[in-house]
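My notes follow the display.

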Amino acid sequence: MGGDHAPHEVVAGAVHAVRERGLAVVLVGNPRVLYEALADHDATKEVPIVRAEEALAMNEGALASLRRPRSSIAVACHLARRGDACAVVSAGSTAGVVATGRLRLKPQQNVLRPAIAVPLPTLPHPTVLVDAGANADVKPEMLVQFAHLGAAYAELAHGVAEPKVGLLTIGSEPEKGNKLVKRANELLQSSPGLHFAGNVEGHDLLTGKVDVITADGFTGNVALKTMEGAVRYAFAELRATIEESRVAKLGAALQRSRLRELRRRLDAEAYGGAVLLGLNGTVVIAHGSSRAPAISAACQLATDLSNDGIVARIGERIAASHRSHRLW
């Protein structure tokens, strides 16, 4: 029920995930509205519906999750918690999804704060940025845990055997940054099970220099939104330049397949969405403006992460790090 184009685009994405990807999807929300949307695709018998009395609006924040215990995202999390679903996908309010996930699914043992992981379109595989907006105020120990969360995600989702971790700050030298970053740098250097490659800067976001970039949610979200805006601006300028002359249009026509591939690779929706890591369950947060293909991709991502055991992998990493810290 959440998203700028809900419920019709979300339902269309769910139907695509069932028919084209072979996934099992259940829709949570207003039964009458969802049934009518499914009827448009002749899919009323293919996708089951679970009733939810309310839905969080896109402009509602974390407190709304407490005021609306029967919201669609709350019911979806409840299904995952009791084992009736393997994962949760939502294109609704990020703050609402994060707060409801924390409340209903609970953080994993020894996880200080769940964090949002977002794939950045680098080569040869995406770079994981974590945290991308769940925690604006953090402690150095949390940045270390975010690194472990991101490393587990890079291992399972992108097949990276030993992910290299970078700490996002204002300079590559260890002494660059505020007190939070300086202390986090010290902790990351001695954290077992992490391949810490040092500090990275904003211009390293799309270079593939590291496999995981750890940051507080405020810094990470600003960096992410800045990058997304820059990509949109670059494509708008490219389109305007191409349309200026016949020669440019001819050149673009000759490179059409490459331009389409570049656009697909830089399209955030192609990756399925962000993942809320550190909970006792798999939660994928699709972009609020997601259309049907993005919702289908989000369902695939959620299924893959659940089947690959992302929760267990994170639990192992955090437990090992916690034991080492106690011994130290």
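The entries below go from the conventions to the cores, then the helices, then the backbone.

**Conventions.** I am working with a predicted model, in which local features need pLDDT of at least 70 and side-chain atom pairs count only at pLDDT 80 or more, while totals for chains, interfaces and linings use all residues. Residues are numbered from 1 along each chain as its sequence is written, and side-chain values use heavy atoms, with hydrogens and water left out.

**Cores.** I looked up the nonpolar cores, a core being a set of buried Ala, Val, Leu, Ile, Met, Phe, Trp, Tyr and Cys residues joined through side-chain atoms within 4.5 Å. Buried means under 20% relative accessible area, exposed over 50%, and partly exposed in between, with a 1.4 Å probe and protein chains only. The largest core holds 57 residues, and Phe146, Tyr153 and Leu277 have the most contacts inside it. Helix H6 (residues 140-158) contributes the most to this core, 11 residues. Helices (H or I, at least four residues) and strands (E, at least two) are DSSP runs, numbered from the N terminus.

I then took Tyr153 and listed its contacts (heavy atoms within 4.5 Å). Leaving aside neighbours within four places in sequence, Tyr153 touches Ala117, Pro119, Val128, His158, Val275, Leu277, Leu301, Leu305 and Ile310.

**H4 against H5.** At what angle do H4 and H5 pack? Helix H4 (residues 72-81) and helix H5 (residues 94-105) pack at about 35 degrees, and their axes are 9 Å apart. The axes are lines fitted to C-alpha atoms over the stretch in contact, and angles run from 0 to 180 degrees between N-to-C directions. I recorded the crossing of H4 and H5 as right-handed, that is, the near helix is turned clockwise from the far one by less than a right angle. H4 brings Ile73, Ala74, Cys77, Ala80 and Arg81 to the contact, and H5 brings Val97, Thr100, Gly101, Arg104 and Leu105.

I also checked His78, which belongs to H4. His78 is partly exposed, at 41% relative accessible area. From His78 to Val160 I found 82 residues in sequence and 32 Å in space, C-alpha to C-alpha.

**H2.** In helix H2 (residues 31-39), the buried residues are Leu34, Ala37 and Leu38. Seen down the axis of H2, they fall within an arc of 100 degrees, so they line one face of the helix. The arc is that of the directions from the helix axis to the C-beta atoms. These buried residues pack against helix H1 (8-21), strand S1 (27-29) and strand S2 (49-51).

**Backbone.** Most residues other than glycine have a negative phi, and most peptide bonds are trans. I therefore listed the exceptions.

- The bond from Leu123 to Pro124 is cis, with omega near 10 degrees; Pro124 sits in the loop between strand S4 (115-120) and strand S5 (127-130).
- The bond from Val130 to Asp131 is also cis, with omega near 15 degrees; Asp131 sits in the loop between S5 and H6.
- Lys106, in the loop between H5 and S4, has phi near 70 degrees. Lys106 is partly exposed, at 37% relative accessible area.
- Asn110, in the loop between H5 and S4, has a positive phi of about 70 degrees. Asn110 is partly exposed, at 29%.
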